[in-house]
Amino acid sequence: MGYATQPKASHFVNGAYLEDTAGEVIEVVYPATGEVIAKVHAATPAVVEAAVSSAKAAQAEWAALSGTERGRILRRAADMIRERNHDLSELETYDTGKPMSETLYVDATSGADALEYFGSLAGSITGEHVHLGGDWGYTVREPLGVCAGIGAWNYPTQIACWKGAPALACGNAMIFKPSETTPLCALKVAEILHEAGLPAGLYNVIQGMGSVGASLVTHPEVDKVSLTGSVGTGKKVYAAAAAEMKHVTMELGGKSPLIIFDDADLENAVGGAILANFYSTGQVCSNGTRVFVQKGIKEAFLKRLAERLDTAVIGDPMDEATNFGPMVSKSQREIVLSYIEKGKAEGARLAYGGGAIDGNGFFIQPTVFADVTDDMTIAREEIFGPVMSVLDFEDEDDVIARANDTEMGLSAGVFTADLTRGHRVIGKIDAGSCFINSYNDAPVELPFGGSKQSGVGRENSKAAIEHFTQLKSVYVRMGDVESPF
Ligand code: NAD
C-alpha cells in the first residue's frame, strides 16, 4: 500500500490524534479491490464530549484574533495541501476509489482553494456603519460558535475543507464527522491545519455512523450544523437542529436536468453530458442525470456519446491513464444496479453499458438509457451512479416545465448556440447551481447549493460568510434619552 492509509488514530481532537477502541470498528475498503485497507473506531460519547469541549474552549480566543491572523493560518494550510497534493490524492483514491486522474486535480486542490479563498477573505469580514440622522448604528458579524460539519463520501477532502475553511475564517470552531465510508482524508486535513498553526481544538475530526452525527446535531454546545448528504438525512438533521433553533446549511441530493438544444455544438454537448453523468463514476450531487435532448440532434448525440464512452479507460484507479473508477462501495453498486433493472423493467431503452464489471472491485459500466419518460423511476429518483437518462423534447416551454417537475433543485444546465435562449431557459429553472454551455464547474468564488429539497444555504463564495456568522446590530444615541415619564 502506498501512502499511509492507516491513520495514527481514529480521531483528531484538541490538536492531536485520539483513540478510543471501545468504539465500534469501521472497516475502510478500497473500492477497486474490495480489500480492507484501514480500520477506525466510531466515536464513543467520551470522544464526542472531548471534541465539543475542546472546540468550545478554543473558540473565543480564536474569534478574538484579527481576521488577517486567522486567514494567514488557513492560507499556510492551503500551501501545505498543494505541496502534499500527490500523497493526499493517493489517499483520496484509496478512500473513494476515484481515479488519480481526478483526485490529483480536483480533490485536495479544491480543498486548498477553499482554504486560500476564505483565508484571504477573513480580514475583510466586517459589519456596516448605518447613518440614522443624528444617531447612528453599526453591525458586527460575529461567529456562531461551535459548528458541526457532517460529510458525504464522494468528495471527502473537499467537503472537509469547504465546511472548515469558512467556519474557521469567521472565527468559529469546527467538529467534522466524515462519512463512515470514507473516514481517512479529513484526518489529514486536521493534521495539516494544526501543522500550519491552528490552535488546538478548533478543527476536530471524529468518526462514526449517522448516530455520531446525530449526537453532534443535538449537542447543546453545538451552534450550527452543515450537512452534505442525501435529502432523507437532510430532513432528519434539519428537524433535529430546529428543536434547538440551530443554524443549518444543507447540501443535499439532486435530480438535475441538462437541456441540449439542437443548435448546440455536438462535441461540447456530449462532453458536458459526460461530465454531468460519469465524472467520479456518476457519484456527484449536482449531476445532470436527466438529459433532455431536442429531437433534431438526438440520434447524432446518442451515436457520438457511445463513441466517446467506448474510449473511457476503466480500471486501476492508481494508473493515471484510468479515467473511470469503481463505485465507492459494494452496497452503492447494488443500489445502482437495481436502478438499472428498474429502467429496463419500466421500458427505457438501454443504449449503452448496463452491467457490473467482473472482479473484486465495485466496477460498473457507464450506462445510458434512451427513450426515458418523465414518470420512470430512473428519471425521478437520485441514483448516484453512472446512469444517464436521455429524454426527448421538442418545445422550449415544455422542456422547462418538465425540467422543473422535481422536488429537487440543486443544478441545471443548458447547451445551445443561442445565448439569449441559454439565459432565458436558465432564468426559468428552479435550481441553485446552473451552467450554460458547461457542466459541473464548482469554483470557490461562486456560491454552491440547491433550492427546493436540495438544500438550504450556500457553500463557497462570500455567501458562505453569511452562513457562518450572525449579525449583531448596535444603536448608538448621541444625545439625551427622551422617555415618556
Ligand atoms: P447520507 O445522507 O447517507 O450520509 C451523509 C452523512 O450524514 C454521513 O456522514 C452520515 O453518517 C451522516 N448521517 C446519516 N444519518 C444521520 C443523522 N440522522 N444525523 C446526523 N448525521 C447523519 O449521504 P451519503 O450516502 O454519504 O452521500 C450521498 C448523498 O449526498 C447523495 O444524496 C448526494 O447527492 C449528496 N451530496 C450532496 C452534495 C451537495 O453539496 N449538495 C455533495 C455531495 C453529496
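# Exercises on a predicted structure

The ligand is surrounded by 27 residues, and the closest of them are G151, E180, S230, T233 and E382; a residue counts as near when one of its heavy atoms lies within 4 Å of the molecule. The model is predicted, so local features need pLDDT of at least 70 and side-chain atom pairs count only at pLDDT 80 or more, while totals for chains, interfaces and linings use all residues. Residues are numbered from 1 along each chain as its sequence is written, and side-chain values use heavy atoms, with hydrogens and water left out.

## Exercise 1: The ligand

Solution. 

1. A polar contact is a pair of N or O atoms within 3.5 Å; within protein, one must be able to donate a hydrogen and the other to accept it, and residues adjacent in sequence count only if both atoms are side-chain atoms.
2. In E382 a side-chain N or O atom is 2.6 Å from an oxygen atom of the ligand.
3. For G229 the atom concerned is a backbone N or O, 3.2 Å from a ligand oxygen.
4. In A214 a polar backbone atom lies 3.5 Å from a nitrogen atom of the ligand.
5. The ligand alone exposes 850 Å², and the protein buries 86% of this area. Accessible areas come from the Shrake-Rupley method with a 1.4 Å probe; for residues, only the protein chains shown count as cover.

## Exercise 2: Aromatic rings

Task: Classify the ring pairs F12 with Y17 and F261 with F393, and describe the surroundings of F261.

Solution. 

1. Rings of Phe, Tyr and Trp (its six-membered ring) pair if their centres lie within 6.5 Å; planes under 30 degrees apart are stacked, those over 60 are edge-to-face and the rest are tilted.
2. By this rule there are eight aromatic pairs.
3. F12 and Y17 have ring centres 5.2 Å apart and planes at 80 degrees, which makes the pair edge-to-face.
4. Buried means under 20% relative accessible area, exposed over 50%, and partly exposed in between (1.4 Å probe, protein chains only). F12, at 3%, is therefore buried, whereas Y17, at 21%, is partly exposed.
5. The rings of F261 and F393 have centres 5.3 Å apart and planes at 90 degrees, so this pair is edge-to-face.
6. F261 belongs to the loop between β12 (257-260) and α9 (266-275), and F393 to strand β16 (residues 387-393); the pair thus links distant parts of the chain, 132 residues apart. Helices (H or I, at least four residues) and strands (E, at least two) are DSSP runs numbered from the N terminus.
7. F261 and F393 are both buried.
8. A charge sits over a ring if NZ of Lys or CZ of Arg is within 6 Å of the ring centre and within 35 degrees of the ring normal. R421 lies over the face of F261, 3.9 Å from the ring centre, and K98 lies over the face of Y155, at 3.4 Å.

## Exercise 3: Salt bridges

Task: Locate the partners of the salt bridges E195 with R84 and E142 with K472, and explain what each pair ties together.

Solution. 

1. A salt bridge is a side-chain nitrogen of Lys or Arg within 4 Å of a carboxyl oxygen of Asp or Glu. The whole structure contains 27 salt bridges.
2. The side chains of E195 and R84 meet at 2.7 Å, N to O.
3. E195 is in helix α6 (residues 185-195) and R84 in the loop between α2 and α3 (85-96), so the bridge ties together parts 111 residues apart in sequence.
4. E195 is partly exposed, at 46% relative accessible area, and so is R84, at 28%.
5. In the bridge between E142 and K472, the closest N and O atoms are 2.8 Å apart.
6. Because E142 is in strand β6 (residues 135-143) and K472 in strand β22 (residues 469-476), this pair ties together parts 330 residues apart in sequence.
7. E142, at 25%, is partly exposed, as is K472, at 40% relative accessibility.

## Exercise 4: A residue in a loop

Task: Describe the position of T416, decide whether T416 is buried or exposed, and identify a polar partner.

Solution. 

1. T416 lies in the loop between β18 (411-415) and α14 (419-428).
2. Its relative accessibility is 2%, so T416 counts as buried.
3. The T416 side chain makes a polar contact with the side chain of D263, at 2.9 Å.
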